[in-house]
Amino acid sequence: MKTWVALAGRIVVLVALTGPGLAMAQEEALHSLIDQHLTPVSAVDPQRCSDAEFLRRASLDLVGMPPTAEEARTFIAAAEPDKRERLIDRLFASSHYARHLATVLDVMLMERRGNTHVSADDWQAWLLKSVRENKPWNVLAREILQTDGDNPAQRPPARFALDRASDPNVLTRDIGRIFFGRDMQCAQCHDHPLVGDYLQSDYHGLLAFVSPSYALVRNENGAQKTLQAEKAGADLMFESVFEGVKRRTGARMPDSVMIDEPFFLPGDEYQVIPADNVKPVPKFSRRAKLAELATNGSNQAFNQNIVNRLWAHMFGRGLVHPVDMHHPDNPATNPELLQVLAQRFASMNFDIRAFLRELALTSAYQRSFDLPAGLLAVSAQAAAEIAKLEKRRAAVEQASQESSDAYETALEAWKEAEAALLPAAGELDAARNQYAEAKKKMDEAVTAVSEAKKQLQAKQSITKPVGRAAAELEQAAKALPDDAQLAEAAQKVAARSGALATEVEALRKAFEEKTAAIGPSTAAFGGVMPTVGAALSKATPLNEAMIEAEQQMLAARSQATADAEVLAALDRRLETTRRVAAVPQLHQALVAANGSVPPRESEVAAAQKQLDDIAPLIAQSDAAVKIATEGLTATTNMATAGTEGAIRLEVASAAAFVSAAAARPMVFEAVEQSAGEALASAQKSLAAAVAERDRLAKAVEDAKPALAASKADVAAKQSAFDTAVSELTDRWTSDFTVASLKPLTPEQLCWTVFRVTGVYDRYWQAEAAELEKTTPLTDEQKKDPAQVVARDAAIEQRTFDKLKGNVPTFVTYYGAAAGQPQGDFFATADQALFAANGGSVNEWVKPAGNNVTERVVNQSDLRAAADELYLGVLTRLPSDDEISQVVSYLTNRAPDKGAAAQELVWGLLNSAEFRFNH
Amino acid sequence: MNIHYACKSLEHRIARRQFLGTMAAAGAGAMTGGLGVFSNRAIAEQLRSDQKRIVVFNMHGGLSQLESWDPKPGTATGGPFRAIGTSVPGIHISELLPQTAKQMHHLCLVRGVNTSEDDHGKGAYLMLTGRRQTPASEYPQIGAVATKALAPAESSLPGHILITPGGSGGRGNDAAYLGPKYSSIYLGNGNPPQNTTRPESMTEASDVARQDFRRYVNERFLNRRRTAVTDAFTYSFEQAHQLMQQRDVFDVTKEPEKDAERYGKHDFGRHCLLARRLLEKGVTFVQLSHSNYDTHNENFNFHIEQLGEWDRSFACFVEDMAARGMLESTLIIVLSEFGRTPNVNQYYGRDHWSRSWSICLAGARVPRGAVYGKTNADGTAVEEGQVDHGELFHTYLEAVGVDSTATFDIDGRKMPIADPAVSAVSALLT
């Protein structure tokens, strides 16, 4: 028993735990439960995003476009402590919520495929209506999986199958991906080579649900209507392209045993038998069974898939990512949380709006995309956590190994049981064929008898009157013996009667023969019945044994999968913790490396200084050598030319020699010798000084490599540190410690451009005015909330219809190819060229209708103009630096302010901050 | 204590870019970083000289092998045309290709193609993707694969170009799971890509100013958080800018008039000359098509007419690629969706035929002046050297140095580059 009580905007679920009589437990609100599961490693403290960021984020996620500048201004200024929660409720109440969610579901379900059998308008209207009614996800999914598109009310959901050309393999792949989060495409031809968990039987088991369905083109009064019709299902045969072993399967849900299907004798499978232009109705519809089993709340893969996809919608990536690759090698980052979400969502009756609301209320959703602060302080906690996690890991690893081994064993056992069933199943097929054949023969014999009887009776009905006529004519001829003509006639009729009697005899004989033939064909048919019975009773226990083995295999597999996921998540957390713990070390290494640079720089500088210091000595020595050389030359000249020449010498030290020489003219030779000695001595001093200089120069050179090494070390340490932080950022993005940058979808981009350039609101106002004119609401009606909501929805629809023609342009440039996964981001030059040179964007940013460009142009206070600009386009106030940038931009361009304002709007519109939801 | 996560120095930025680039190359993300480090002209040139390229001539509708690469003169199926000698003694091709015959020493004929697919759409699909079309699977075309495997990440030019006979351009839908980044850019009738000129109402100064303001706005945001994804986004604008600067690359009138004369003054001649120009400027993959060879009626007259136009342009192209030394690095592929029936029907036509037909290759690792494979006397069956689309696909890639047995990592999905069930034809690789 489940009871629903909504309290103060928070849903509290009361669940009877184990039965009546036990206390009712009040479950914790889902959003706080989520936050408990998303505790960051160690004591890392995630930052909370700003109000402006929250406003833009929540608006884009819930209504598909940012708020107006005015709304942004009001929200940022508001002081209520619960303004974020109020905002969330306002957004859910907006007519844009249904539109946006319908678009999100459309892209998720159809991946922007073209419309062939169901028009875009019908499909979108159906989705929109479903979201407005807050149709539970399982109901929506059931309608999609079940409908044949015949009933007009259920025609739109048939788009899922019909616009995939009803191709069973395409449908199997996409149902697997979109409803169960598993891309089993590779398992079409063999057990998945890379994904241990996807077996060929998983693929073919799902295919068996889909393969009886086909596109039936039915003529209806000259018009043709394509339906997703269904025939009676049969087992599928398949074989691995690697192993070549033949296998067979009936319909199987992911992670479930083959379904128990009622046994029908051939010819007995249909309520309405297939025929030309007739939609057959099988007694057992596999498609209906798939729809039921998927959506009844018991299928974990179905439940986990949708919560993961809704999570990815809000958080930018799934707990399992990519969202359609859920398997042990791509485990959920937080498997326990995924389980909790799936359980809760099912017990919330698959209420998408209530679930999204819980996600929006989490602290995790309100985290900033900035990295956590104070990282260096947490190393101690990290170390303690590592020890704890490592201890836990050993136990988890062993459990995982054991359950993995158990799965292997169970898998083999199941394959054996399956192999044992195969011949018996083949015999049953043969018996069914024999039965069909014998039944056909018997039916033919019966038909032949009734046919012969009909012919005989027809003939007999002629024989009697002719016989009577013959007898009467004969008597008449006897009565009038002379009448030759009468005699001739009597003869003719008698002959005719005789012939007829022969014919009747032949027909009677044929009738008797054919009647006799019924016996053997009935006997033959009767003989086949026990064969079928025998084959069935032979196959049944083998089938049961196979199902039993499969049950065990699946239980073992789900245990192994769960254990592997827990281990992987633990490993991930452990690794993240290790990396957090390593950051301070890397940082210290960087600091130390930085620290080693200055002393090395001083060493180089000191050596350089010594080198520089020796320069005067070198100059001096050099000069001394020059003087001594000149002295020697002078002395030699004097020795030749006498003292007069010597007097001209200007240098004192040389003069001393000269005067000595002059005083003792007789010893010129001795003086010359002394000058030579002086030169030698000066040269020696110079050589010593040069040697010293060379030594010092070498010392400088010797010191340089050490400095270069230190600098290289700094660069290496910096790079190691950056890499570590960058990788940690990726990890934090995966575990939701920091917010992801979510690229706007093509649709979001289109509506966001329309919102911030004022195009949207201009159209909205025109439509509102038009409605007010044509069908004004009375004052009474304006007080009726239902009327107000309906009017809002009507205006939204009209505005959407007027502008939706622009969406395909954005899809062409910013969307992935139709039918491909739509989540991957890509940026190409042709997008930037469209933004820069394409006619439309430049047109929209022109000043018009009081849009942001016009408001900037009209605002004479340039600082206020900057506020207007940033609030209008980026939903935040500019920084001081940004204000002065805008002020100077507009001041310099005063003469053409209009063009300048347009450039500014364009610049913001094409910034990364605009392109991403952050 | 707070630490500084974002160092704003230039060196750091480049180091970070390289880090991100390495990540992308390792397939760690679905994104390749837009890094801008190769704006250095010398580095770009260096890359360019090593760069391998592929050009595909798609003979739309199904070229007759008997009127081209594998003539059977004098047989019941041979049709009216003679076979002529080529620049390689012993190799004969149809007399409809006299100019191409003179380039035979550069070419390699593959005469044993058997693709067993006579439907236009399916035939084209398997020849361009190397796989038979299967439900629920879509494979990227050779152009997307070659671009992902070969194009320098930093090229400002699109790597994958389709010169279409008409149309206004746009982006093709041929990259499947590789993503739109590798989709073809159409040059409608050889015109430059869309949106590569500034709007008339906007001055250059205005454009520069708004782009500068855009960069300024990005700075604050990217200092808070910078990822491969934001890099790719901001880089796309720089790439767009460079593409506009290089718009001349797409302007075939910049080629000498005498070359335009040589190639032929018709659309196809112009497209061939444009292909030469694009490949020379560093585009990785160019595909041209020539229409239409679907000659169920009047096969012989149509082939005279069509090949009469095609022969000269193609021969000039091959000759120039060889003369410019580009044949070493460029693989030329001439293919169709299939060949045509040896049997001539009552309308003097030939129908769809995929059991024994031919393609022509040249350049890169493919042997020159060679013939591989052989059909029987009347051309109805392959006698030697049979190959199919899958093996050819491997061969194309191996010819330009791509390990065709490797896999692409697409956001965690391992996708074999080519059909893992078959491999390259080693005889077609030197």
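Mentor: What follows starts with the pair of helices and then widens to the chain and its partner. Please keep in mind throughout that this is a predicted model.

Two packed helices are described by the angle between their axes and the distance between the axes. The pair to look at is helix α28 of chain A, which covers residues 862-874, and helix α29 of chain A, which covers residues 880-892; their axes come within 9 Å and cross at roughly 115°. Because angles of 65 to 115 degrees count as roughly perpendicular, α28(A) is roughly perpendicular to α29(A). The crossing in which α28(A) passes α29(A) is right-handed.

As for the residues that make this contact, α28(A) contributes A:Leu862, A:Arg863, A:Ala865, A:Ala866, A:Leu869 and A:Tyr870, and these meet A:Glu882, A:Ile883, A:Val886, A:Val887, A:Leu890 and A:Thr891 in α29(A). When the residues of the contact between α28(A) and α29(A) are sorted by kind, nine are nonpolar, one is polar and two are charged.

Now to the chain that holds this pair. Chain A has 31 helices and 11 strands, and its C-alpha atoms fill a box of roughly 210 × 80 × 75 Å along the principal axes. The radius of gyration of chain A is 47 Å, whereas a compact globule of 918 residues would have one near 29 Å. Of those 918 residues, 39% count as buried, and among the contacts in chain A with a separation of 6 or more, 74% are between residues 24 or more positions apart.

Finally, chain A has a partner, for 57 residues of chain A are in contact with 58 residues of chain B. On the side of chain B that touches chain A, at least two residues each come from α1 (10-25), α6 (204-224) and α7 (228-245) of chain B, and α6(B) gives the most, with 11 residues. The residues on that side of chain B divide into 29 nonpolar, 18 polar and 11 charged.

Technical notes: Residues are numbered from 1 along each chain as its sequence is written. Chains are lettered from A and ligands numbered from 1 in the order in which they are written. This is a predicted model: local features need pLDDT of at least 70, side-chain atom pairs count only at pLDDT 80 or more; totals for chains, interfaces and linings use all residues. Axes are lines fitted to C-alpha atoms, for helices over the stretch in contact, and angles run from 0 to 180 degrees between N-to-C directions. Helices (H or I, at least four residues) and strands (E, at least two) are DSSP runs, numbered from the N terminus. Angles under 35 degrees count as roughly parallel, over 145 as roughly antiparallel, 65 to 115 as roughly perpendicular and the rest as oblique. A crossing is left-handed if the near helix is turned anticlockwise from the far one by less than a right angle, and right-handed if clockwise. Two residues are in contact if their C-beta atoms, placed from the backbone, lie within 7 Å. Ala, Val, Leu, Ile, Met, Phe, Trp, Tyr, Cys and Pro count as nonpolar, Asp, Glu, Lys and Arg as charged, and the others, Gly among them, as polar. The radius of gyration is taken over C-alpha atoms; the globule rule is 2.2 Å times the number of residues to the power 0.38. A residue is buried if 20 or more other C-beta atoms lie within 10 Å of its own, exposed if 12 or fewer, and partly exposed in between; C-beta atoms are placed from the backbone.
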